[in-house]
Amino acid sequence: MIYVLFIFLYPFENNRLLFLILAFLLGLVMDTFQDTGGAHAAASVTLTFVRPYLLKLVYGESYKMKNIKVLTTGIDRIFLLLLLCIVIHHLMFYSLVIFNSSQLFQLLKMTLSVGLATILVSMTIILLIKPRRS
Amino acid sequence: MQHIINFLIKYRNLLLYLILFSVALVFTIQSHEYQRTMFIHSTGNVTGALLEKRNTFYEYFDLDQQNEYLSSENARLRMRLLALGDTLLGSETTLIFSDSLPYKVIPARVIKNGYDKLDNFITLDIGSNQDIEPDMGVITSNGLVGIIDVTSADYSRVISILNSEMSLNAQIKGTSTIGSLTWDGSDPYIMNLIDVPRRAIVSKGDTIITGYQSTTFPPDIEIGVVENVVLVDNGSRYDIQVRLLNNMTDLGYVYVIKNRDKEAIQIIDTLQINE
């Protein structure tokens, strides 16, 4: 599930068509390895599509002007954005994998537990690769 | 016309998103159907080879456990062999080594195992080059694993018994009561034996074995032990919780079962239907 970081860290750009296609292909590769049909692809495409709105939510209206990178912003902003991204991605993924409305509890349980693990590992990686302010 | 093009340019992101999302959705829905012709699965040459590489690495951490399994199975087989040697006399002993046995057993290695989803699949490192065909049964020394689903030249995919689409014919040992063994998707150690008639005699601790009605698995393979018995549908049927004997979360080596008489039995069965 760490591949969500790719979508998370992708630079802010206007070429969203390419970004959508890349996310779709990435998801499809995950699907072939895990035998999940198209659940990874659907979840990552959805996350890619809503990412600009999340960015607007977290960094405010003017995020495009400032020409910033996700990695260089404050750790609290990164955490908030990561939390939103992973909740959306995992909810989408597990609702497609479980595909059964009678198992809503199972869906929420899986989203919560796997989501927590993903956030932990992702935050560790981000802290490791985050450029230090000198 | 200008308006349509403007509209397309304005909403191109949304449109592309909708297209890609529906493609992914189609794949997902396909993967939830039982008999399917899908091309997104883990038996391809590239994915299979990568999974196998990964497995050769992980295998080292599991060697002790696998050695223990194999040696205990060897001991059990040796016991059987000694008992057999006692009963068979002279030339009849060669029966064991002849080609006319009804079941052919092919060993295989699990290179990918899943148990955390609702529909789980296992990938094996043998395929149609080793005479593996769809619908053959897969077992371990302790119990059932699943049924072969898709085969490529060198790899094959197994529908795990931990799959909501799976329904197996099973029987309570010592009686001829049969039922269907299914999985509800929650606990990888527990399966449910449903559609057991109320008059069946069943109690906690009984053993569940494979039935004679299946052409996929040989009869009398032990599957699990009865954990809990509940009457459902106004007390007309039993719903039995079965604790599996083998650990589906820890699979190393498995055996694929090829039934010699399968086609013959199926021909007889369809004859009855056409009558």
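Reply: A residue is called buried when its relative accessible area is under 20%, exposed when over 50%, and partly exposed in between, using a 1.4 Å probe and protein chains only. By that criterion D119(B) is buried, because its relative accessible area is 8%. The model is predicted, so local features need pLDDT of at least 70 and side-chain atom pairs count only at pLDDT 80 or more, whereas totals for chains, interfaces and linings use all residues. Residues are numbered from 1 along each chain as its sequence is written, chains are lettered from A and ligands numbered from 1 in the order in which they are written, and side-chain values use heavy atoms, with hydrogens and water left out.

D119(B) belongs to strand β2 of chain B, residues 119-124; helices (H or I, at least four residues) and strands (E, at least two) are DSSP runs numbered from the N terminus. The side chain of D119(B) makes a polar contact of 2.6 Å with that of S164(B). Such a contact is a pair of N or O atoms within 3.5 Å; within protein, one must be able to donate a hydrogen and the other to accept it, and residues adjacent in sequence count only if both atoms are side-chain atoms.

The largest nonpolar core holds 45 residues, and L124(B), L193(B), I240(B) and V256(B) have the most contacts inside it. A core of this kind is a set of buried Ala, Val, Leu, Ile, Met, Phe, Trp, Tyr and Cys residues joined through side-chain atoms within 4.5 Å. Beyond its neighbours within four places in sequence, V256(B) is in contact (heavy atoms within 4.5 Å) with residues including V105(B), I106(B), L124(B), I126(B), I132(B) and I148(B). A second, separate core has 24 residues, among them V45(A), L96(A), M110(A) and L20(B).

Two of these residues, V45(A) and L20(B), also take part in a helix contact between the chains. Axes are lines fitted to C-alpha atoms, for helices over the stretch in contact, and angles run from 0 to 180 degrees between N-to-C directions. Among the residues making the contact are A42(A) and F49(A) of α3(A), and Y17(B), F21(B) and A24(B) of α2(B).

α3(A) also packs against helix α5 of chain A (residues 75-98), at an angle of about 150° and with the axes 9 Å apart. This pair, too, is therefore roughly antiparallel.

The chains that surround these features can be summarised briefly. Chain A has six helices and zero strands, and 49% of its 134 residues are buried. Chain B has five helices and twelve strands, with 41% of its 275 residues buried. Of the contacts in chain B between residues at least 6 apart in sequence, 60% join residues at least 24 apart.

D135(B), in the loop between β2 and β3, is partly exposed because its relative accessibility is 36%. D195(B), in strand β8, is likewise partly exposed, at 40%. D135(B) has a positive phi of about 80°, and D195(B) has one of about 60°.

Notes: Parallel < 35°, antiparallel > 145°, perpendicular 65-115°, else oblique.
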